Each structure stands twice: as structure tokens, then as C-alpha cells.
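Me: I have a model open and would like to learn how to read it feature by feature. Could you walk me through it?

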Amino acid sequence: MEAVPKQSSLPSADTSRLFTKPFTLLWMSALCSGLSISLFLFSQTWYIIQVLSQEASLGIVFMAATIPRIGFMLIGGTLADRMSKKRILSITSMLKAFLMLLLGGIIWWGYSSLALFIWFALFFGTIDAFYWPAQNSFIPSIVPSSSLLRANSVLQTTNQTSQLLGPVLAGFVIEWGSYPLLYGFVGLLLLVASVSAWCMPKQEPDVLSKPQQRLKESIEESFYYVKQSDFLPLLLTSIICLNVFLMGPLYIGLPIFVDQVLAGSTLQYSFLEGALAFGMLAGAIVLTLTTLGQNRLQIAFLFMIMQALVFFAFSLTQQFWLSLLILFTLGVTFSLINVPILSFVQEKVPQASLGKVMSLVSLSSLGLQPISQAITSLLIACGLTAKEVMLLASIPLFLASCFFYWRQKYARPAKRSD
């Protein structure tokens, strides 16, 4: 694996002060951005189900977001290796703020339709294709390798806290306020995220992808890099399986499960979303207090097996409080899988290629979620219930997790030389 020069700007590996100025501003930006997205996604889903009464079309909206993600994610990763990542984070947050304020104004004016949300999903998907590779590849430039797991755990804790508060806050605002008010608040949060990212001091490595390299060649290089790696094909495949067999059935099935099986309200749906996020928060907190050592992949894939079994149990439940407990447990496994895998990639991949590799990681997760959601919606439209779809999806997820656990012993890359 290629080496890059040492980055003298990084804090020393033995420092106990993680919250330097760059990381603090990144944390603030992530907090506002995570809370805003949580508020928007919850309100969008509930608006389509309750106001438009088109729950079978949820997959179309999510599919509209994934098309530009797939088309532009690799370009976004390449630009993250060539340009200032903090500027990419700031500009993309500013654009999303404008879209949220515009959406709130349109609904306040009295116009709403499924087509409106489809168009906004297309715009959001395009912006996300540039945002996520920049954010995930920016962390190693301000945090030493020995602190990557802790830094990602802190950001994951922040993100899950946002997801915990988002559905509950959105439920109350929708119940006693209005959708335009909510979208105006989301726009303001994104403006704060944009300013925080812009104010981060320049602390990125000087070693970037060769600017004279053509965009097509740079993208082809990212696939070649993954192909030659001992561990990246396995990790990317596991991320794909998680998003195809779990994320789609869960996030499309959950609101339908609340509506049809539990006959629940907006607040009950928000509480179930909150239980999942609170579980993710608990798992992330555990990771901030512990280290997984050299067996990170083995432990992550063990929790992936557990996750498949918990998901199977959720597909069989019909009680609200039992559903809360199961979703909390499912959330814990999310953090104990995602954070170690992300930190492992950031530690092993050189800075000069990290943006492109992280774009593939983001494409495997964020990019494929709407495809899974569209397939889930299609199966439900064909007559299957949400419970049946989740049960059927848990079986291949369990089998794939067992294979990954067995295969991970062959994925032992050398430590990155920075």
C-alpha cells in the first residue's frame, strides 16, 4: 500500500485533548447537520404517509435521492482529494439550507404534492454525493490515527443524539405547529452547520491527488485500489448487505408497521424512531469508553450476526413496548458495527486516496439505501406486509453475516504509513 508523507499539522497521538479547534467546529457542524437531516427525514416520511396518503410511493422518493448519489458520489470523492474539504462541507450545507427554506415556503404558500418531494430528493441526493465523502475523509487530517476510533465514536454519539432528538422534536412541532415552521428551523440549523465548517482553520494535508489527472482516470484508480486491497472488498460487500437487507426494509417498513400493526400515532412512531437512535447513541458511547484492539473486524461481524437475529425478532413482534426494546438493541448493534469499520478504513487507507475510497463506502451505504427502500416498497405494493418483508430480509442478512465473520480472518492489511 502506497505511503504518503507525514502530516506535521496533526496533534500528537498521545494527546488527551480531542476537542481541538478544528475538531470542535467539525463537531458543531455535524451536530447541526445531523439534527436537521433527522428532522427533515422524519417529517418527509410522515407527510407523505399522513398528508398525501401515498405510503406506497415512499420508495419512489428515496429512489429519487439515490440516482444522483450513485451518479455523483465518485466525483465527490475525487473532488475531496483535490479540493479543500472544509469548503465542500460549508458550500453543500449552505445549499441544503436554501432548499429547506424554499420547501417550507412552497408548502406555506399552499402547494404540496408527491412530485415536489421527488424533485427535492433529487437535489438533496446530488448535494449529499459531495458532502459525505468530504466529511468522512476530513477526520483523519485533524485527528491522529490512534484517536480515530474515539473521534468517530464522538461524532457517531452526536449524530445519534441528533437522531434521538429529531423525531421527538419533529413530532411535537408537527402536532402543535406546522410543516413550514419545521422546515424553516431546519434551514437555520443548516446555516449554522455551514458557518461552522467555513470557520475551521486550514489543517488539511498538502498531499492530494494529482490535479492533472483526468476525472475518469481518478475514478478508475479508486476501483483499482479497492480491487488490489486485502480488506476493502470484504468491508464494502458487508456494507452493501446491511443496506440492502436491513436499512430498506426497516425504514420503509417501520412507519407502515406503526400505522397498520400497532395502529399508532405520530408520537408512537417518533418514540420508536427515538428508541433506535437512542440505541445507536448507547453503542457509540460504549465505543468512546473502550477500545476494541486488533480484533475490531471480528467483533464487528459478530455484532452483525446478532443484528440479523434481532431484526428477525422484530419482524415477529406486535407489542409497542417490546418493539421499543428490540429497536433499542438493534440501534446498539448499528454503532458497534459501523464505527469500527469506518475507523478501520480511515486508519489503513492513505490520505491521497481516502476521499475516493470513502466515496465508495458512502456509495455502498447512503447510495444503496434508497434502492433497497424502493425494492421494499415494490414488495409491499405486490401484496406482502411490512412484517413479512422484514422477516424474509433477516434470513439472507444472517447467512451473509456468518460468511463475513468467517472470511474476516483473511483481511489483515498492514498499518498505513503516513
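Reply: Gladly. Let us begin with helices: helices (H or I, at least four residues) and strands (E, at least two) are DSSP runs, numbered from the N terminus. Phe-303, for instance, lies in helix H10. Please keep in mind that this is a predicted model, where local features need pLDDT of at least 70, side-chain atom pairs count only at pLDDT 80 or more, and totals for chains, interfaces and linings use all residues. Residues are numbered from 1 along each chain as its sequence is written, and side-chain values use heavy atoms, with hydrogens and water left out.

Me: Is Phe-303 buried or exposed, or partly exposed?

Reply: Buried means under 20% relative accessible area, exposed over 50%, and partly exposed in between (1.4 Å probe, protein chains only). Phe-303 has 24% relative accessibility, so Phe-303 counts as partly exposed. Gln-307, also found in helix H10, is buried because its relative accessible area is 0%.

Me: How do I describe the way H8 and H10 come together?

Reply: Two packed helices are described by the angle between their axes and the distance between the axes. Axes are lines fitted to C-alpha atoms, for helices over the stretch in contact, and angles run from 0 to 180 degrees between N-to-C directions. Here the axes of helix H8 (residues 232–261) and helix H10 (residues 296–314) come within 12 Å and cross at roughly 25°. Angles under 35 degrees count as roughly parallel, over 145 as roughly antiparallel, 65 to 115 as roughly perpendicular and the rest as oblique; H8 and H10 are therefore roughly parallel to each other.

Me: What kinds of residues make up the contact of H8 with H10?

Reply: Among those that meet are Cys-241 and Phe-245 in H8, and Met-304 and Gln-307 in H10. The residues of this contact divide into 15 nonpolar, two polar and no charged. Ala, Val, Leu, Ile, Met, Phe, Trp, Tyr, Cys and Pro count as nonpolar, Asp, Glu, Lys and Arg as charged, and the others, Gly among them, as polar.

Me: How many disulfides are there?

Reply: A disulfide is a covalent bond between the sulfur atoms of two cysteines. In practice, a disulfide is a pair of cysteine sulfur atoms within 2.5 Å, and the count by this rule is zero. Cys-241 is buried, with a relative accessible area of 13%, and Cys-32 is buried at 10%.

Key:
Contact means heavy atoms within 4.5 Å.
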